[in-house]
Amino acid sequence: MTTVFEKTPMLTDTVLHYCPGCTHGVIHRLVAEVLEELNVGERTVGIAPVGCSVMAYNYFNCDFVQAAHGRAPAVATGVKRANPDSVVFTYQGDGDLAAIGTAETVHAAARGENITAIFVNNTIYGMTGGQMAPTTMPGQITQTSPYGRDIKAAGYPIRVCEMLATLDGTAYCERVAVDCVKNVRAAKKAIKKAFEMQLAGKGFTLVEVLSTCPTNWGLNPVESLGWLREKMMPYYPLGVYKE
Amino acid sequence: MSKRILIKGNEAIAEAAIASGCRHFFGYPITPQNELAAHMSRRLPKIGGCYLQAESEVAAINMVYGASAAGVRCMTSSSSPGISLKTEGLSYLAGCDLPAVVINVQRGGPGLGSIQPSQADYFQAVKGGGHGDYRMIVLAPNSVQEMYSHTCKAFDLADQYRLTVMILTDGFLGQMMEPMTVESGQLTVDSEKDWAVGGKRGKRIVNSLFLKPADLEKSNLERFERYKLVEESEPLHEGYMLDDAEIVVAAYGATSRITRNAIDEARSQGVKAGLLRPVTVWPFPKKAFAKAAEHARAFVSAEMSMGQMIEDVELAIRCRRPVLLCSRVGGMAPEPKQIFDAILQADKEAAR
Amino acid sequence: MIKEVNTLETRILIAGFGGQGILFFAKYLAYIGMEKGLQVSWMPSYGPEMRGGAAQCGVVLSDNVIGNPVVGEPDIFTAMNLPSFAAFENRVKPGGTMFVDSSLISKECSRKDITVRGIPATQMAEEHGLKGLANMIMAGAVLSKLPDISQDVIEAAMRETIPERKKEMFANNMKAVALGLAAI
């Protein structure tokens, strides 16, 4: 029998706890494959956030530090400064990176901290049951915006890539999506580029991945991918924002 | 023995950290601890270390958390309002059993308070401060020399027990200069940390999340076994005219210095007063207090807070003797006269 | 063991405006103590203001362990402006000494139980081309009250006090101290 496909050894055999149709699994795999291809698994330290991916340390086959909510970039800074030879990445959702951890994100970028942030944007707090996030779309219904996000009361969503691109310390940031094969391939390319730039000591790199949350969006997985394309992409255009 | 040098308490702490092998410092400006960070920013880059001014106190303690997870000796320093912000990180450090050294150069509170010396963060330091069941070893130096020696000791204790050690000091000791002698051979040794991440030792996880209650309970119980060991082995106290004292004044840090003068005054007037100074405020030197209660008729708790340490004094002596509070707060310090008066008052109460 | 109660202890307080070199003055006295092998403490007041605000610093010199480093009732008090003169005039220990920069403070001290010495330090500094060194003229005056201060100690303490980057200031500082000593 010929082996035509194998799971990357950079992922453990632990069964993912994510909901059916959630794209975290795809993003995990892309990151893991990149670490394998770059042959840096042994010296990689991942920083897990608070949010759906809180247990990322169980899935990646590399060292991991679990961080307090929003603090992953600060924790990553500590790890990287203590051990500059290590390859350090954070894996954060929108609440973690763009709400409670905004200061840590912005300043890690401003310092040009030589780390990589994988930013999973699905416009909602997943683990806590679907509350409004800093990236929730205007009019979007969530548990805490039951009449739709009212921009008069709740303000506007944050476009993270656009914001971080203004900082001199940001070496590279790109927004990608994992809604179709073509975009998944492009996402992997972006993630690889981010890690390569970290290895070259270029500074702060971030890849924002537009992702789905079928459970809290109240849609099935296929509908969710459609919603991502139709609703999210116009507001959060894909592309390279800084390089 | 090397030369006596005149140095500020805040700078003595910085020098001690460097002598202890600390090469990573993460801080945020706040008075009255600024000389400490400034000293680190001058010294560390020249010896291959990392001084990083964080965007916030919260970020600073989380950088310590990351650096500690990566296995290096590291430190942050702040003053009262900043320590409140750091308590999130203190809880996480405890939950992950990471060693760290945290300095609190206390100032008056609550709120923005003042920038003058205070001891009102006692509860926060010895009872936890952050969420969850946890302890820190808390050392309370009372001289610039001890700012140095306690900091050296703090790094060793932190590694030995894998917990946070706090230096609980105040604006007086941080700002004042006194002679300090750096004894040769005091340089402490960094221990091997086989649990640290990034070391190609196979998969290492630093984590405080236990979704199964039984697992979390087990982790708490194991941690408290270690705390028990600390409580047995590490309490430290210092006595001054204590052995025959009928009135015992409990005071730590700067207040213990002021108390000395009050004790001298009381003795000169024939009152048998003595000082029992907790050097570690956690673990509290309970045995020393229980022993003192055998000859003391009354106690005074002299503190720059509204009666915080007094609770530990009462507990340690099982309320067998009256304990009077002698306090100044808000950045005010007691004068020896006030403590002396409290000694006389305690003497009267005990006679009743 | 019961230790001897401190007897040979001198508690000094220096007060004035920020920018007058109050802390430097106090640091010099602390180094005098260091050179003499004494126990020493140097305790500044610190506030949010820098230049122009109130500045004060307490120095304790002792041949025994120093207890209270806060100088509330000084044996020797040096006032370098009127507000500090008013604030501490009544806190000087009976039998103590108050030095006053009389070119800045014209008010008379009402106390009879202390020695008051006026030295026009700011004016003297101007006249001798030592602008900004009134503090060290006052320091010289204070030295006159301390026992057994040799010229060697005076010079060695100054070398320790002046930071490396300002060592060209040594000669003028020494001149100022000598003026203060001679003024008593």
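**Chains and contacts**

Modeller: Chain A and chain C share no contact (C-beta atoms, placed from the backbone, within 7 Å), and their closest C-alpha atoms lie 27 Å apart. This is a predicted model, where local features need pLDDT of at least 70, side-chain atom pairs count only at pLDDT 80 or more, and totals for chains, interfaces and linings use all residues. Residues are numbered from 1 along each chain as its sequence is written, while chains are lettered from A and ligands numbered from 1 in the order in which they are written.

Biologist: Which chains have the most contacts between them?

Modeller: Two pairs of chains touch. One contact takes 32 residues from chain B and 27 residues from chain A. The pair with the most contacts is chains A and B.

Biologist: Which element gives the largest share of the side of chain B that touches chain A?

Modeller: Helices (H or I, at least four residues) and strands (E, at least two) are DSSP runs, numbered from the N terminus. Strands E2 (24-27), E3 (50-53) and E9 (205-206) and helices H3 (57-69) and H4 (80-95) of chain B each supply at least two residues of this side. The largest share is nine residues, and its source is H3(B).

Biologist: Which residue in E9(B) is the bridge partner of Phe64(A)?

Modeller: Strand E2 (residues 63-66) of chain A runs parallel to E9(B), joined by two bridges. Two strands pair if DSSP finds at least two bridges between them. In E9(B), the partner of Phe64(A) is Ile205(B).

Biologist: How many residues of H9(B) are on the side of chain B that touches chain C?

Modeller: Here 21 residues of chain B meet 18 residues of chain C. Strand E1 (4-8), helix H7 (171-175), strand E8 (177-181) and helix H9 (253-268) of chain B each supply at least two residues. H9(B) gives the largest share, with seven residues.

Biologist: Is H1(B) parallel or oblique to H2(B)?

Modeller: Helices H1 (residues 9-19) and H2 (residues 34-43) of chain B pack with axes 7 Å apart, at an angle of about 40°. Axes are lines fitted to C-alpha atoms, for helices over the stretch in contact, and angles run from 0 to 180 degrees between N-to-C directions. Under 35 degrees is roughly parallel, over 145 roughly antiparallel, 65 to 115 roughly perpendicular, and the rest oblique. So H1(B) to H2(B) is oblique.

Biologist: Which residues of H2(B) make the contact with H1(B)?

Modeller: H1(B) brings Asn10(B), Glu11(B), Ile13(B), Ala14(B) and Ile18(B). From H2(B) come Glu35(B), Leu36(B), His39(B), Met40(B) and Arg43(B).
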